[in-house]
Structure formats: structure tokens, C-alpha cells
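Here's a short tour for someone opening this structure for the first time. Have a look around, then read on.

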Amino acid sequence: MLNLDRLRTLHAVARHGSVSGAAEGLHVTTSAVSQQLAKLERETGQQLLAKNGRGIRLTDAGRLLSDHAARILSQVELAQADLEAQRGHAVGELLLGAFPTAVRGLFPDALSRLRTEHPQLNVRLQEMEPDESVPSVVRGDIDLAVVLDWYNKPLPMPGGLVKAALLDDPVDVAMPAGHPLADRHAVEPEDFVDDEWISWPKGGFCYDWLMVTLRSKGIEPRIRHTAHEHHTQLSLIAAGLGIAVVPRLGRGPVPEGVRMVPVSQPTMRRHIYAIWRADADRRPSIRAAVEVLRSVGEKIID
């Protein structure tokens, strides 16, 4: 009889394309992965892996068994979801991923509430950007991810996933206190055609959104500085080095010398939502996490 853990290991190698990648995804050593695969080859009497330059590849038998493993593991997850649903309360382990401002803005309260309201639920959180968390949900490395897209730039979403809206996150323009528009009640992107911008790093989802949005307004943005963290961007703005679009979620205290002015366009905001695999949809732990995250989100953004 085929061993489920060994099938899971083979499937991880197929997903990640290497033994080291599978080991990282399964949170085990490369030696443990190699041992599981060697045992699986003995059980099946087939060679499942072959050398490919410095790496490895699945043989025809390996690909065939990996395809079966994917279906078997999906059925196992469905069974686990049904059993959890029958118990009617959130128990077991729940692996979560979220982008940095969601980790800072949503999860301290959300994790505290989940621990209090569902003491039998063991929750683990990893900080990761959507381009990492979405594939992690698809692969089954995590159970649920909190991701984002923009009003005019949807996040590409693979099939087989369920999503639930958590909150809409408005943005403001952050500018030095001495900026000519710092005392305005509201501004438009077109007001900043001559300004230098501080942005997220080039190539990221939010950087691409900023470029698309400003160019749609007839602005060719002059990006002077880039930084991942909003706190770093705000520090640069406090030094008079540019302006930035800054969402409100997870923003924290605004430094001296910085003014936050709302954007008058009500659609200029981020959409924050949770995603999970459809075959885990009945799990009470998923539903509990979404309910708590949505409740926390409603209190954050006015």
C-alpha cells in the first residue's frame, strides 16, 4: 500500500522542481525528502526520479504517480474538511500568509481573537507578498492568504480558489509639511504632475499599479527613491525628498513633517481579501479566520 507521506513528498518535488525546494515547502531536511523518495521507489518497484544536469527530473512513472498523488491529497483534504465541518468548530492547525501591511494592521488583533475564541485552533502566520502567497495556497503549503489588488489592477487569480472580501483600504498622498498642497482637504493625482515620487521597488505589483494609474492621468512619474516599507517612505518624505501614495492599513504613526491628504477619487483604494482552496471551503477554521479578519478590518478603516 502506498504511503501518504511519501506521496506528499513526491508531489512536493513535482511542485517545486527540486529536492531542496520540496524540503523547504515541507519544512523538513533534504535528507528526509531523499529517504522518503527512496522508500517510495522501493515500494513501487519503479524509478521515480532521474538526474538532469545538476538537478533532478521526474521519470514517466514519477509524473504518473505525482498526478495520482495530487488527486489523492486533494481527496484527503476534502475528507479532513468534512470531518472538521462535522465537528462544527475550529480545531487543528491553520497556516496563514499575508502581505506586510496586513500582518501589521490586521493580524495582531485577529490572532489574539482567534486564540481566545478558538483555543483548540493552532494558527501560524507567515509574512509574504501575494506573488508568493497565492502559489503557496494553490500548492497547499498554506491554508489561507490575505492578498490585495487595486481598483484598476486586479490580482491574477488561478482557478480552484475561493475568495472573500475583507475591507477596502483608502489611500492618501503623503507629502512634506511645506508642500504647497499640504493644507488641502483633498487632492487629485493630476495635482502632482511636477513632483518627484517615492515608490515601492520597481517590478512589484504596487509599483506597476502606480505607473499605470499616474500615466492614465497624463502624468509621467519621476520616481526618485524606492522602498518596500511605508514607514521608510514616510521617513524620506519627512526629509523633503518627495511624495508618495500611502494606504491607511498598517500605516502607524505619521512622522513629524509629513502631511497626509486624502485622494478625492473614492475608487482609488486597495481591495483586501482572503483566499483559500475550494476543497477546504467547508473547514470551520477557514470560516472562523475570515470572520475575525473581516471584523477587525471593519474597525480599522473609517
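## Two helices to begin with

At roughly what angle do the axes of helix H2 (residues 19-26) and helix H3 (residues 30-44) cross? They cross at roughly 105°, and the axes come within 8 Å. (Axes are lines fitted to C-alpha atoms, for helices over the stretch in contact, and angles run from 0 to 180 degrees between N-to-C directions.) That makes H2 roughly perpendicular to H3, since angles of 65 to 115 degrees count as roughly perpendicular, under 35 as roughly parallel, over 145 as roughly antiparallel and the rest as oblique.

On the H2 side, Val19, Ser20, Ala22 and Ala23 make the contact, and on the H3 side it's Thr30, Val33 and Ser34. Contact here means heavy atoms within 4.5 Å. Sorted by class, that's 4 nonpolar, 3 polar and no charged residues. (Ala, Val, Leu, Ile, Met, Phe, Trp, Tyr, Cys and Pro count as nonpolar, Asp, Glu, Lys and Arg as charged, and the others, Gly among them, as polar.)

## What you're looking at

This is a predicted model, where local features need pLDDT of at least 70 and side-chain atom pairs count only at pLDDT 80 or more, while totals for chains, interfaces and linings use all residues. Residues are numbered from 1 along each chain as its sequence is written, and side-chain values use heavy atoms, with hydrogens and water left out.

The chain has 10 helices and 11 strands; these are DSSP runs numbered from the N terminus, with helices (H or I) of at least four residues and strands (E) of at least two. Its C-alpha trace spans about 75 × 50 × 30 Å along the principal axes. Of the 302 residues, 46% are buried. (Buried means under 20% relative accessible area, exposed over 50%, partly exposed in between, using a 1.4 Å probe and protein chains only.)

## The nonpolar cores

The largest nonpolar core holds 51 residues, and Leu106, Leu144, Val146 and Ile272 touch the most other members. Such a core is a set of buried Ala, Val, Leu, Ile, Met, Phe, Trp, Tyr and Cys residues joined through side-chain atoms within 4.5 Å. Among the elements giving two or more residues are strand E3 (92-98), helix H6 (107-117), strand E5 (144-150) and helix H10 (284-300). H10 gives the most, with 7 residues. Apart from this core lies another, of 16 residues, with Ala22, Ala23, Leu40 and Ala61 among them.

## Around helix H10

H6 and H10 pack at about 135°, with their axes 9 Å apart. That makes H6 oblique to H10. In H6, the residues that meet H10 include Phe107, Ala110 and Leu114, while Ala288, Val292 and Val296 are among their H10 counterparts. This contact has 8 nonpolar, 1 polar and 4 charged residues.

Ile286 also belongs to H10. Is Ile286 buried or exposed? It's buried, with a relative accessible area of 0%. Ile286 touches Leu94, Asp143, Leu144, Trp276 and Ala280, leaving aside residues up to four places away in sequence.

## A loop residue

Ala227 sits in the loop between strand E8 (222-226) and helix H9 (230-238). Ala227 is buried too, at 10% relative accessible area. Pro201 is 26 residues away from Ala227 in sequence, yet their C-alpha atoms are 5.9 Å apart. Leaving aside residues up to four places away in sequence, Ala227 touches Ser199, Trp200, Pro201, Thr232 and Gln233.
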